[in-house]
Amino acid sequence: MPSSWTSDSGGIDLHLDLPPVRGRRMAVEHALRQAIRDGRLAPAQRLPSSRALAAQLGLARGTVVEAYAQLAAEGYLRSRPGAVTEVAQGPGLQPQLASESAPTQIDADFRLGRPDLSMFPRTDWLRALRRAFQVTPHAELGPLDPRGSLRLRTVLADYLGRVRGVLTTAEHMVICSGFTQGLRLVCDALAAAGARAVALENPCLPDHRATVLASGIEVVALDVDDSGAQPDGFTAKPVAAVVLTPAHQAPLGATLAAHRRAEFVRIAAQRGAYVVEDDYDGEFRYDRHPVGSLQGLAPEQVIYAGSASKSLAPGVRLGWLAVPGELLDAVIEAKRRADRGTDILAQLAFAELIESGQLDRHIRRMRRRYQHRRDALIATLERYAPAMPVHGVAAGLHAVVTLPGGISEADVLAAARKQRIALTGLAPFWHSQHLCRAEGLVLGYGTPSEPDYPTALDRLGQIFGGF
């Protein structure tokens, strides 16, 4: 039944639709988390004691104690001497990637996740779209199968098997509007089956955390080292799934070691859980052959997820899931409820781009270009800031610079902002302030544009060299 709590200071009214039995703790967590994000609960604002809030909401005290503990672990709340619980000065979850660090006017953009949009294959895309219009029956433009175009699903299943070692069929593919929606569909399907927790790498992309939490599921942190995510955290709590970036850990850049890949699959099978494989930039590996998909080891335990955001452009909004049989119907139903289907014209054009070989040629061109950009970035940092090691450069479109002691991430971001250079700090990727392991910068090298890149790199190097 609907309940509410009105704070004694500020008149904050938190409306809670509490389910009759299960999920009451998560409902409390979600309402408090959202109030902190929205600013309705301000930093340092005191919350009622667990006993008082439980009495007001008609809950067991233990339910509120667990909710407070979870939010404290995420960095939203803190406890002070005397058992006072208050809103933390800086909540752990940052929905945006350090947007406050970007200058109003940007001369050079080195933020994460931005491919070179000037290289979008416009002519090939237009030709593919025109061809798709010519060969597509009228019926395919009608009501959509929520899984997406059968033609694209068939083409993708073959393509992913060829280039990433994915073992799937068109029947197990679901087309979605980018990875974020794909993850939300999986989380919604798991939540509908009673899932209470999902494990994420620490650090991980902030959007991953926000997406899982938006489904009402608790987040469990998995520590990451030079061999990728550590499987121990997968067994620490009962989780329904673990989200991994095994080919190129986001953001630190490690490749998940072979023995850990096998261990994650083993644990998932043993516990009846799933691994969600975010293969966000698997096409771009420079120093050795691409690492095959984790999904190929265990197609019934691993949900493979990819998108066209890095290979083409984020604005294309095309993603895909290869879903194990037991979860497939639930994911399809989640997609049907979400939007009934993704833009059919974009799907058909993308299928044509793959079948014609143009996508392969485009990726080869971009791989050479991005490798050149990466090498230039490394050389610049070695020249200007040899004491700042660069990590995660074997693949992808970004590198991580670890800052030595005495140099703060905030100071480097502030110096870049004065020079109208946009950077992404490492802080938002950690699950909370308490789980922060290092300070650093995540440098995307997909932009600036090719003519401006050398000058922008030199300006970036001077900023780092100034410390």
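Mentor: What follows is a conversation about the terms used for this structure and the values behind them.

Mentor: This is a predicted model, in which local features need pLDDT of at least 70 and side-chain atom pairs count only at pLDDT 80 or more, while totals for chains, interfaces and linings use all residues. Residues are numbered from 1 along each chain as its sequence is written, and side-chain values use heavy atoms, with hydrogens and water left out.

Trainee: How many helices and strands does the secondary structure of the chain come to?

Mentor: The chain has 14 helices and 18 strands, where helices (H or I, at least four residues) and strands (E, at least two) are DSSP runs numbered from the N terminus.

Trainee: What makes Ala-128 buried?

Mentor: Buried means under 20% relative accessible area, exposed means over 50%, and partly exposed is in between (1.4 Å probe, protein chains only). Ala-128 has a relative accessible area of 4%, and therefore it is buried. This residue is found in helix 4, residues 122–135. Across the chain, 56% of the 467 residues count as buried.

Trainee: Which residues does Ala-128 touch, not counting those up to four places away in sequence?

Mentor: Ala-128 touches Ala-349, Glu-352 and Leu-353, where contact means heavy atoms within 4.5 Å. The C-alpha atoms of Ala-128 and Ile-354 are separated by 9.3 Å, although these residues are 226 residues apart along the chain. For the chain as a whole, 72% of the contacts between residues at least 6 apart in sequence join residues at least 24 apart.

Trainee: Why does Glu-29 count as buried?

Mentor: Glu-29 counts as buried because its relative accessibility is 2%. Glu-29 has its place in helix 1, residues 24–38, and, leaving aside neighbours within four places in sequence, it is in contact with Glu-66, Ala-67, Gln-70 and Leu-71.

Trainee: Why is helix 7 described as largely enclosed by the rest of the structure?

Mentor: Helix 7 (residues 206–214) is described in this way because seven of its nine residues are buried. Those buried residues are Pro-206, His-208, Arg-209, Ala-210, Thr-211, Val-212 and Leu-213. Just after helix 7, Gly-216 takes a positive phi of about 80°.

Trainee: How do you know that Asp-116 and Arg-369 form a salt bridge?

Mentor: A salt bridge is a side-chain nitrogen of Lys or Arg within 4 Å of a carboxyl oxygen of Asp or Glu. In the pair of Asp-116 and Arg-369, the closest N and O atoms are 3.9 Å apart, and the pair forms a salt bridge. The two residues are 253 residues apart, with Asp-116 in the loop between strand 5 (108–109) and helix 4, and Arg-369 in helix 12. Asp-116 is buried at a relative accessible area of 5%, whereas Arg-369 is partly exposed at 23%.

Trainee: What ties helix 5 and helix 12 together?

Mentor: The side chains of Arg-162 and Asp-360 meet in a salt bridge, with 3.1 Å from N to O. Arg-162 lies in helix 5 and Asp-360 in helix 12, so this pair ties together parts that are 198 residues apart in sequence. Asp-360 counts as buried because its relative accessibility is 17%.

Trainee: Why are Glu-333 and Arg-336 separated by about one helical turn?

Mentor: They are separated by about one helical turn because they are three residues apart in helix 10, residues 325–338. An α-helix has 3.6 residues a turn, so residues three or four places apart point the same way. The side chains of Glu-333 and Arg-336 meet in a salt bridge at 2.6 Å, N to O. Glu-333 is partly exposed, since its relative accessible area is 29%, and Arg-336 counts as partly exposed at 35%.

Trainee: How many salt bridges does the structure hold?

Mentor: The structure holds 26 salt bridges.

Trainee: What makes Leu-141 partly exposed?

Mentor: Leu-141 is partly exposed because its relative accessible area is 44%, and this residue is found in the loop between helix 4 and helix 5 (150–164).
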